Amino acid sequence: MNDEANTTTFKEPWTLEELVKLKDDIILSEDDNYVAIAKPADLRMDGSCSVTVHKLMLSWYPTPILLERLQSDVNYIEQLSKWSDLPDNILRPCHQLDYATSGVLLFAKTKAAAAAAGKSFCERYTHKFYTAVVHGHLNIENLQFFSQDVLDSWNDGSIEGSYKRRRRLEWKATKKGDRGGGVMNYLPIHSVFEAWKGKLRSRAKKSDRSDVGKDHIFKTCALNALEEAETEKLLAMKWGKVKEIGLYRRLFEELCEKVNAQRLVDKSASSSGSQKKRLGNGKKMIEKSSTNLRVPSLFRIRPYSEGNAALRNETFYVQCKIASLSDRFRMCFEVDQINLNRESTKYYNSLFKDIDKSGLDFKPSLTECRILNRGYLNGRCVTKLLLKPKTGRRHQLRVHMAITGHPIVGDASYEVPLQRAELMCNRMCLHAKSLTIPLLQDKASSFEAPDPFPDDTNSIKIVGGKR
């Protein structure tokens, strides 16, 4: 049974009553806009279970409607499963943590606060650190060193951008009957609008904006006839507002038709092996050969300077492509591209042997890892690490530790059977240690949860588990 098994056969390790009493220990920080908590391990975010983060937060922050309904039904809160079940409940989680993961979890109290946090997460302005305890003593001495250029392709968005361009070019329009009709490589109208704005801005420094008509895609664009004031107005608007104005929408619908007609012509004329795609913004979008294709799944980075030698020698990186499976809890990864021992390779191959991987959406992922300590847990060899995810894929840290050959202790989904048989502790040893995030007024706020894996020279302890 996986770690987030179905609730009809699995007894919840917590009761709502005992968690409510731990409010002073669980709440880390609170102001008028946000609440940060230290989420306990083995607690679901929401749903129909008897104990969830959702129900716990409502117990501490009941809304007027909830208070009214509790007067006639003291168990009313047990009927709630979604954050939107109460219309006056504006408290929302700004991000998610797995059922088995403990640590920092941030909530917004207002719509403006939620929007500010959502923007920071979406645009990856956050810094998140996790601690984990994995099976065995992890040795990275034989990992190959690479230059800082490998990380540059992640930091500047090249790898993520390459993935997104590929997905966009594979996308099929699903709207029935018009503008798209299921044709591959169809560019939707809102993207054409952004392309038009980008073209005007790129031409503005060179000459008059009417010059935009020189590009073959925009040659017959009726938008060129707009007055300068109208053009400036459009450049400052978002598509959501533009589409509400009938005249402007019709002009962009016309432009959208022409752009996509030209794209079909370009596609037919180009060779199937060409990686260069000319989009409506007049710029060449070149599918770079991703740097990570030349780099193994586990590697180290050669520093610019000597720096802290001990810190440098214990830092490594994990990268791989991860895909979701619609009918399974585990994430899928390419086992054959990873250097695992025979037992782990056989086990992971058995998990995915009946899956057609050709249609899966494999997303690139990267984690920075630093070894904090090697010790023993209940007589078994373990390693404690500090993990910094560079991307935010589902189960990323759990998968990345699995492909090192050292899965997270207590991770029933990715431990190999022999490791799972070793009952070493009563929880999964993954903890969201800290979160730094720009919030309202772009002011950075930091939150940190107590470490549930205290360690000394030779031993590592586990606290907070309830399995």
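Helices (H or I, at least four residues) and strands (E, at least two) are DSSP runs, numbered from the N terminus. This is a predicted model: local features need pLDDT of at least 70, side-chain atom pairs count only at pLDDT 80 or more, and totals for chains, interfaces and linings use all residues. Residues are numbered from 1 along each chain as its sequence is written, and side-chain values use heavy atoms, with hydrogens and water left out.

**Salt bridges**

- Twelve salt bridges turn up in a search of the whole structure. Each is a side-chain nitrogen of Lys or Arg within 4 Å of a carboxyl oxygen of Asp or Glu.
- Glu194 pairs with Lys197, with 3.9 Å between the closest N and O atoms. The two sit three residues apart in helix H8 (residues 189–204), so about one helical turn separates them.
- Glu194 is partly exposed at 42% relative accessible area, while Lys197 is buried at 6%. Here buried means under 20% relative accessible area, exposed over 50%, and partly exposed in between (1.4 Å probe, protein chains only).
- Arg393 and Glu160 form a salt bridge at 2.6 Å, N to O. Arg393 is in the loop between strand E13 (380–389) and helix H14 (396–403) and Glu160 is in helix H7 (residues 158–170), so the bridge ties together parts 233 residues apart in sequence.
- Arg393 is buried at 14% relative accessibility. Glu160 is buried too, at 13%.

**Helix H13**

- Helix H13 spans residues 342–352, and its buried residues include Ser344, Tyr347, Tyr348, Leu351 and Phe352. They lie on the same side of H13, because they cover an arc of only 125° around the axis. That arc is taken from the directions from the helix axis to the C-beta atoms.
- Arg342 and Lys346 are exposed on the other side of H13.

**Nonpolar cores**

- A nonpolar core is a set of buried Ala, Val, Leu, Ile, Met, Phe, Trp, Tyr and Cys residues joined through side-chain atoms within 4.5 Å.
- The largest has 78 residues, of which Met57 and Tyr348 touch the most other members.
- Another core, of 19 residues, lies apart from it; Leu187, Leu226, Trp239 and Tyr248 are among its members.

**Helix H3**

- Seven of the eight residues of helix H3 (residues 53–60) are buried, so the rest of the structure largely encloses it.
- Met57 is one of the buried residues of H3, as are Leu56, Leu58 and Trp60.
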